[in-house]
Amino acid sequence: MPSYTAPTKDQMFVLNDVLQVSTQDVPGYEDLDRETLEAILDEAAKVAENVTGPLNVVGDQQGCTLENGVVRTPDGFKEAFDQVREGGWTALDCDPEYGGQGLPYVLATAVGEQFSAANMAFNMYQGLTHGAYSAIHTHGSDEQKATYLPKMVTCEWTGTMNLTEPHCGTDLGLMRTKAVPQEDGSYKITGQKIFISAGDHDMSDNVIHLVLAKIPGGPDGIKGVSLFIVPKFLVDADGTPGERNGVSVGKIEEKMGIHGNSTCVMNYDEATGYLLGEEHKGMRAMFTMMNEARLGVGLQGYAQAEVAYQNALAYAKDRLQGRDVTGVKNPDGPADPLIVHPDIRRNLMDQKSFVEGARAFVYWGASMIDRAHKTEDKAADGLISLLTPVIKGFLTDKGFDMATAAQQVYGGHGYIEEWGMSQFARDARIAMIYEGANGVQALDLVGRKLAQDGGKHVMAFFEMVKTFASEHKGQDEDFDKHFLEPLKAASKDLQAAGMFFMQNGMKNPNAALAGSYDFMHLFGHVCLGLMWCKMGWAAKAKLAAGEGDHDFYAAKLATGRYYMARQLPMTTTHLRRIESGADPVMALEAEAF
């Protein structure tokens, strides 16, 4: 059976040594000193390793069941959910006015990594609740906040987002769910939603659904969509769940992975709903959830890669297979361990260098969200808006690749269920699809985000890379050669790709759209290259000062050199594909496929 150990030392390195969070001028960050960070992450690790982690296989094997209209979660889930709630883990970065702890989002993100890696399906129940909490907190009335948020902060009530319908996924303007106004100010919601994660379960007293629907007579398409709060149980005057609302579970979807999460078909039969935000402005409110969710899904991508890597590494060190071509390494055994072989090392280094770079990228993104929310920094808000599709799309694509790479280390055993490696690949696969399929993320990046605010945010990113390179150039020959030069070359590829879009996109939009997926990956590699430069410099500083664990920092440098030498050059391949334009992609007529 696979296991998980929280990588607290690596997390501390990013938060403390690379981002240096306690020195940033963001309210609340002054409290994130090393001792506080370490204490919280160590306690979270106990929950991930001992409470939720052991239930990962249970959830995968048992799944959720629907009995007489009631959804049952796998054995042990409810008890574990109670422990997580009672430990205050669902309230870390929530508003103290509603019972939250008010800690920074970046810390909640680090804790979320542990919980997601330990048991992704389980962690989704509280993760989706947090997204619904954020939407109500941002767009709700004072009465709505008072009614729902205190119970959602503690996850006594959980939350969902209801977007997709059987006939429309990404194109939400086609939705048919309707919301008919009532005299008392409420609405009657009628329609069906599918793929609703955590749509119903037995772990909370109420489920607060956020449902997209159209008010009759509103504008056509996406401009006519509104967002509604539709509780499973209507809330009585004393704040307790009362009458059952007109919402029910049609079925639980049979899925490839995340079996422990109840993905439901939800039927709304004149259910009572309450407008959240303004009429016909539902997408604005929903995107409060979506942007947060997309960073969380990017986190899921590398978190599954992390736990898969941990198990593949242990197997590679233990499994005896063949002899090292340079000389026997295990003379007392019949063969040497797998890890002596160069191709196994390549595989493991691909995984290790990706996971550690991705962690830094997501924590950096979370720190920008904190800065944007706590200081109203427009530049930080614009930059994280630009990078969100990269975080979601690139990290989940590569996270799935790395989960299957970890499975490959096991050979035939990786394909056998008792070893548990297939679950990581199956669970990771959904992250590439939900919260906006990755092709849509790429289109959003190229079609909207690059040109946002006149392109100032992508230009700010280029300037950030240039400034880092100029500030560190010439101080260390090894760093210049192995880190800065590859970063500058990759950044030039990214700029060249952007220039190609500018020169060709207006006269032939397909020229840009055909290259959007490659651009998303090109951008992702540059971001991880920048993160590895920051981590490499921090590791060098620690080694020069003779502080901390010498072997740990030396390993960081070796891993960073690997990424810069073996992964970052992929930017050139992506650029060549982009520059080939739309012709190779669109040459074949639809009938010829």
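For the residue classes used here, Ala, Val, Leu, Ile, Met, Phe, Trp, Tyr, Cys and Pro count as nonpolar, Asp, Glu, Lys and Arg as charged, and the others, Gly among them, as polar. The structure is a predicted model, in which local features need pLDDT of at least 70 and side-chain atom pairs count only at pLDDT 80 or more, while totals for chains, interfaces and linings use all residues. Residues are numbered from 1 along each chain as its sequence is written, and side-chain values use heavy atoms, with hydrogens and water left out.

The protein chain contains 19 helices and eleven strands; helices (H or I, at least four residues) and strands (E, at least two) are DSSP runs, numbered from the N terminus. Along the principal axes, its C-alpha atoms fill a box of roughly 80 × 60 × 60 Å. The radius of gyration is 24 Å, which agrees with the value near 25 Å that a compact globule of 593 residues would have; this radius is taken over C-alpha atoms, and the globule rule is 2.2 Å times the number of residues to the power 0.38. Of the 593 residues, 58% count as buried (buried means under 20% relative accessible area, exposed over 50%, partly exposed in between, with a 1.4 Å probe and protein chains only).

Grid points are joined across faces, edges and corners, and a volume is the space filled by probe spheres set on the points.

The second largest pocket holds about 650 Å³ of space. Its lining has 26 residues, of which Leu19, Gln24, Trp364, Met464 and Lys534 are the closest to the centre. By class, this lining splits into 14 nonpolar, six polar and six charged residues. At least two lining residues come from each of helix H1 (8–18), helix H9 (342–375), helix H10 (378–409), helix H13 (456–472) and helix H16 (516–545).

Two cavities of 30 Å³ or more are found in the whole structure. The largest cavity has a volume of about 630 Å³, and among its 37 lining residues the closest to the centre are Asn123, Gln126, Gly127, His130 and Gly296. Helix H5 (105–118), helix H6 (120–139) and H8 each give at least two residues to this lining, with the largest share, ten residues, coming from H6. The lining of the largest cavity comprises 21 nonpolar, 13 polar and three charged residues. Two nonpolar, six polar and two charged residues make up the lining of the second largest cavity.

Turning to the rings, there are 19 aromatic pairs. Rings of Phe, Tyr and Trp (its six-membered ring) pair if their centres lie within 6.5 Å; planes under 30 degrees apart count as stacked, over 60 as edge-to-face and the rest as tilted. Tyrosine 315 and tyrosine 410 form a stacked pair, 4.1 Å centre to centre with 20° between the planes. This pair links helix H8 (residues 282–318), which holds tyrosine 315, to the loop between H10 and helix H11 (421–431), which holds tyrosine 410, 95 residues apart. Both partners are buried, tyrosine 315 with a relative accessible area of 8% and tyrosine 410 with 7%. Tyrosine 315 also pairs with tryptophan 419: the ring centres are 5.4 Å apart and the planes lie at 85°, so the pair is edge-to-face. Tryptophan 419 counts as partly exposed, at 30% relative accessibility. Elsewhere, Phe461, Phe462, Phe500, Phe501, Phe519 and Phe523 form one aromatic cluster.

Charges sit over rings too (NZ of Lys or CZ of Arg within 6 Å of the ring centre and within 35 degrees of the ring normal). The charged end of arginine 244 sits over the ring of phenylalanine 233, 5.5 Å from its centre, and that of arginine 429 over the ring of phenylalanine 400, 5.6 Å from its centre.

Key
On a 1 Å grid over the protein atoms alone, a cavity is a set of points where a 1.4 Å probe fits but cannot get out, and a pocket is an open set with protein on both sides within 12 Å along at least five of seven lines; lining residues have an atom within 4 Å of a point.
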